[in-house]
Amino acid sequence: MSDSDHGLTTARRRASRARAAWLLAAPLIVLFALGCGYWMGRRQVPRAPALPLLGTAPAFTGFRNQLGQVVNSVQFAGQVQVVTFLDPYCTNDCPLVALHLVALENDLRLAQLQQRVRLVAFNVDPWHTGPAQTAAFMREYGWNPADTRWQFLSAAPAATRRVVRQGYHVDYEQVSLVAEAAADARAKARGDYVPQPQVANALAAQARPDFDVVHNDMLVLVGPHGHVRWLSGDADSVGDVHLLNLIRGLLQPR
């Protein structure tokens, strides 16, 4: 074999060994790159900021839901609660909040979180309405009352006051339509009248109440351990996506 042939053979052997080494190393390199990418990706996924502890949600017993079933606060242990305060005869903000809740539940279902979250509404007209009216209200705005993922709770006026006003610090008051119209007229005369949205409510149209229940438009998030973690005084304007992200944050292990 000539020197040139011997050199070519040696070069080919070296190239063959190099290719074999690359074939052995390539999978390891790919796995290493994938691992680095996964690790960097996890580092770059933003975690929802921890929400503060704002207090403890009030405990309660003996409330009745839209089906007339007795509901106690211990039944919500371990779940996030989306708490609102609604009047079945309301014709302004309450129907809008109800529509938001229906949309939120759809988002929760798509995110596979529907079993870890409960929608809880307290009836702020305990004087005139109860399970029959809360069930009718839910049907009107797109919810099946038999689906207890949303609990619309009613109780006697004293029990309602203790939980809603003293526990959640949500104010509500029954006023006559005559007194309300007079107050609106005075506000218009002063130039500080703020019109309220008017939303159709077939239940109210049928009952024709001569009163209104004025109350705070509050939305509260209660964490799995029963602590109030977030609240808004403008429940009908809270976006469903924002609310879903807050709920995800409450369900994240810390």
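The model is predicted. The protein has 254 residues, and 40% of them count as buried. It contains 7 helices and 9 strands. Among contacts between residues at least 6 apart in sequence, 78% link residues at least 24 apart.

**Core**

- The largest nonpolar core holds 58 residues.
- Val82, Phe85, Phe122, Trp150, Tyr168, Leu243 and Ile247 have the most contacts inside that core.
- Beyond its neighbours within four places in sequence, Tyr168 touches Ala57, Pro58, Val83, Phe85, Phe122, Val163, Val220, Val222 and Val228.

**Strands 4 and 5**

- Strand 4 (residues 117-123) and strand 5 run parallel, joined by 4 bridges.
- Across this pairing, Phe122 stands opposite Leu153 of strand 5.
- In a regular strand, side chains alternate between the two faces of the sheet.
- Strand 5 (residues 150-153) is covered on both faces.
- Trp150 and Phe152 are buried on one side, and Gln151 and Leu153 are buried on the other.

**Cavity**

- Rolling a probe the size of a water molecule over the atoms shows where empty space is left.
- The structure holds 1 cavity of 30 Å³ or more.
- The volume of the largest cavity is about 30 Å³.
- Its lining consists of His100, Leu101, Leu104, Leu219, Ala235, Val238, Asp240 and Leu243.
- By class, the lining of the largest cavity has 6 nonpolar residues, 1 polar and 1 charged.
- Helix 2 (93-110) and helix 7 (240-251) each supply at least two of the lining residues.
- Helix 2 gives the most, with 3 residues.

- Helix 5 (177-190) and strand 7 (211-215) are the elements that give two or more residues to the lining of the largest pocket.
- Strand 7 provides the largest share of that lining, 5 residues.
- In total, 24 residues line the largest pocket.
- Asn92, Glu180, Gln196, Asp212 and Val214 lie nearest the centre of the largest pocket.
- The lining of the largest pocket divides into 12 nonpolar, 5 polar and 7 charged residues.

**Leu203 in helix 6**

- Leu203 is found in helix 6 (residues 202-207).
- Leu203 counts as buried because its relative accessible area is 13%, under the 20% limit.
- Neighbours within four places in sequence aside, Leu203 contacts Pro88, Tyr89, Gln133, Ala136, Phe137 and Glu140.
- The C-alpha atoms of Leu203 and Thr134 are 9.8 Å apart, although 69 residues separate the two along the chain.

**Positive phi in loops**

- His169 has phi near 60°, a positive value in a residue other than glycine.
- His169 sits in the loop between helix 4 (157-167) and strand 6 (172-176).
- With a relative accessible area of 60%, His169 is exposed.
- Arg208 also has a positive phi, near 50°, and is a residue other than glycine.
- The loop between helix 6 and strand 7 holds Arg208.
- Arg208 counts as exposed because its relative accessibility is 72%, over the 50% limit.

Terms used: Residues numbered from 1 in each chain as written. Predicted model: local features only at pLDDT ≥ 70, side-chain atom pairs only at ≥ 80, totals over all residues. Heavy atoms only, no water. 1 Å grid on protein atoms, 1.4 Å probe; cavity = no way out; pocket = protein on both sides within 12 Å on 5 of 7 lines; lining within 4 Å. Points joined across faces, edges and corners; volume = space filled by probe spheres on them. Nonpolar A, V, L, I, M, F, W, Y, C, P; charged D, E, K, R; others polar. Core = buried A, V, L, I, M, F, W, Y, C linked by side-chain atoms within 4.5 Å. Buried < 20%, exposed > 50% of the residue type's maximum accessible area, 1.4 Å probe, protein only. Contact = heavy atoms within 4.5 Å. Pairing = 2+ DSSP bridges.
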